[in-house]
Amino acid sequence: MIDLAIIGAGPAGLSAAIYAARAGLDFVVLEKDGYGGGQITSAHQVENYPGAGALSGEALADAFRAQAEALGAEIRLGTVLSVRDRGEYKEIQLEDEASLCARAVIVATGAVPKTLGIPGEELAGVSYCATCDGAFFKGKDVLVVGGGDTAAEDGIYLAGICRHVTVVLRGDSFRAAKRRVDALTALENVTVLKNTRLAAISGDGRVRAVTLEQPDESGELPVDGVFLAVGTSPASDWLQSLPVEIRDGYVLADERCRTSLPGLFAAGDIRTKPLRQAVTAAADGANAVYSVIAWLKENT
């Protein structure tokens, strides 16, 4: 029996590991690919993590992991199939048929951006985070795909940086709040294309153009970057059997990362929150461990 199991080794999980190590907890970090890093590893460059300067997302993830391991954190390869509530402890079932018992669990499995499954999504210049990567397209032309609040906010944000922003909607209307749509469409350097599908992204290693399909015609549009804002998929399916509140796939947890199930905490992108960034995930990891320590003391 250990004090704590941290599931996921992205910024939230590794931040939690750093704080757990410094607190002297008996804990382990479980990561399905054995290395971790989370969504941040796909960022070409990160400039908004305080104190880190400008570096690749992979380098930032490496720094998180190195610091956690230097403090004694054990990061173990393990795909979690389920967590069972046993009252005084949680039983974690792993894919290799092994199980692990911990008095508390921090779920930090994050969320992954939804993709379109079209040619060219792997090219440099395709991004899933406007606030992360928008600055790299200053004065350039970009495309935003999506009709929800995130897409509208991305379009507004990018319009303040880029020369021109084209927003592509599959349907004939936005799903975003009206005030966001009004703010977006009022911008002179924004064009909205309705009933349009992004069919392909092309380039010579990086984005140079996109192929757009409309009901009556198809064509190519030169752009320097593509921002996909078609939603994320939280990695929470394996939690469905627990008596924990989940909304649209995201785990409901308060600012101290406490869920509705005692002893289970949620940190990072899997948690209901307004902003999902590496810095907010790292803050969650710290808060979650603080809550774990208080919970362990109350339940000793």
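Two aromatic pairs are present in this structure, which is a predicted model. A pair of aromatic rings is described by the distance of the centres and the angle of the planes. The table sets out these values.

| Aromatic pair | Centre to centre | Angle between the planes | Arrangement |
|---|---|---|---|
| Tyr49 and Phe64 | 5.4 Å | 70 degrees | edge-to-face |
| Phe137 and Phe227 | 5.4 Å | 75 degrees | edge-to-face |

Tyr49 is found in the loop between strand 2 (27–31) and helix 2 (57–70), while Phe64 belongs to helix 2, so their pairing ties together parts that are 15 residues apart in sequence. Tyr49 has a relative accessibility of 18% and therefore counts as buried, because buried means under 20% relative accessible area. Phe64, at 11% relative accessibility, also counts as buried.

The pair of Phe137 and Phe227 links distant parts of the chain, 90 residues apart. Phe137 is placed in the loop between helix 3 (130–133) and strand 9 (141–145), and Phe227 in strand 15 (residues 225–228). Phe137 is buried, with a relative accessible area of 5%; Phe227 is buried as well, with a value of 1%.

The largest nonpolar core consists of 36 residues, and Leu4, Ile6, Leu25, Phe27, Ile106 and Val292 have the most contacts inside it. Two or more residues of this core are supplied by each of strand 1 (2–7), helix 1 (11–22), strand 2, helix 2, strand 6 (99–107) and helix 6 (278–298). Helix 6 provides the largest share, namely eight residues. When neighbours within four places in sequence are left aside, Val292 is in contact with Leu4, Leu25, Ala104, Ile106 and Phe265. Another core lies apart from the largest one; it has 23 residues, including Ala5, Val83, Leu264 and Ile270.

The protein chain as a whole contains six helices and 19 strands. Its radius of gyration is 21 Å, close to the 19 Å that the globule rule gives for 300 residues, so the chain is as compact as a globular protein of that length. The C-alpha trace spans about 65 × 35 × 35 Å along its principal axes. Of the 300 residues, 50% count as buried. Among contacts between residues at least 6 apart in sequence, 59% join residues at least 24 apart. The accessible surface of the chain comes to about 14,200 Å², and 48% of it belongs to carbon and sulfur atoms.

Notes: Residues are numbered from 1 along each chain as its sequence is written. This is a predicted model: local features need pLDDT of at least 70, side-chain atom pairs count only at pLDDT 80 or more; totals for chains, interfaces and linings use all residues. Side-chain values use heavy atoms; hydrogens and water are left out. Rings of Phe, Tyr and Trp (its six-membered ring) pair if their centres lie within 6.5 Å; planes under 30 degrees apart count as stacked, over 60 as edge-to-face and the rest as tilted. Helices (H or I, at least four residues) and strands (E, at least two) are DSSP runs, numbered from the N terminus. Buried means under 20% relative accessible area, exposed over 50%, partly exposed in between (1.4 Å probe, protein chains only). A nonpolar core is a set of buried Ala, Val, Leu, Ile, Met, Phe, Trp, Tyr and Cys residues joined through side-chain atoms within 4.5 Å. Contact means heavy atoms within 4.5 Å. The radius of gyration is taken over C-alpha atoms; the globule rule is 2.2 Å times the number of residues to the power 0.38. Accessible areas come from the Shrake-Rupley method with a 1.4 Å probe; for residues, only the protein chains shown count as cover.
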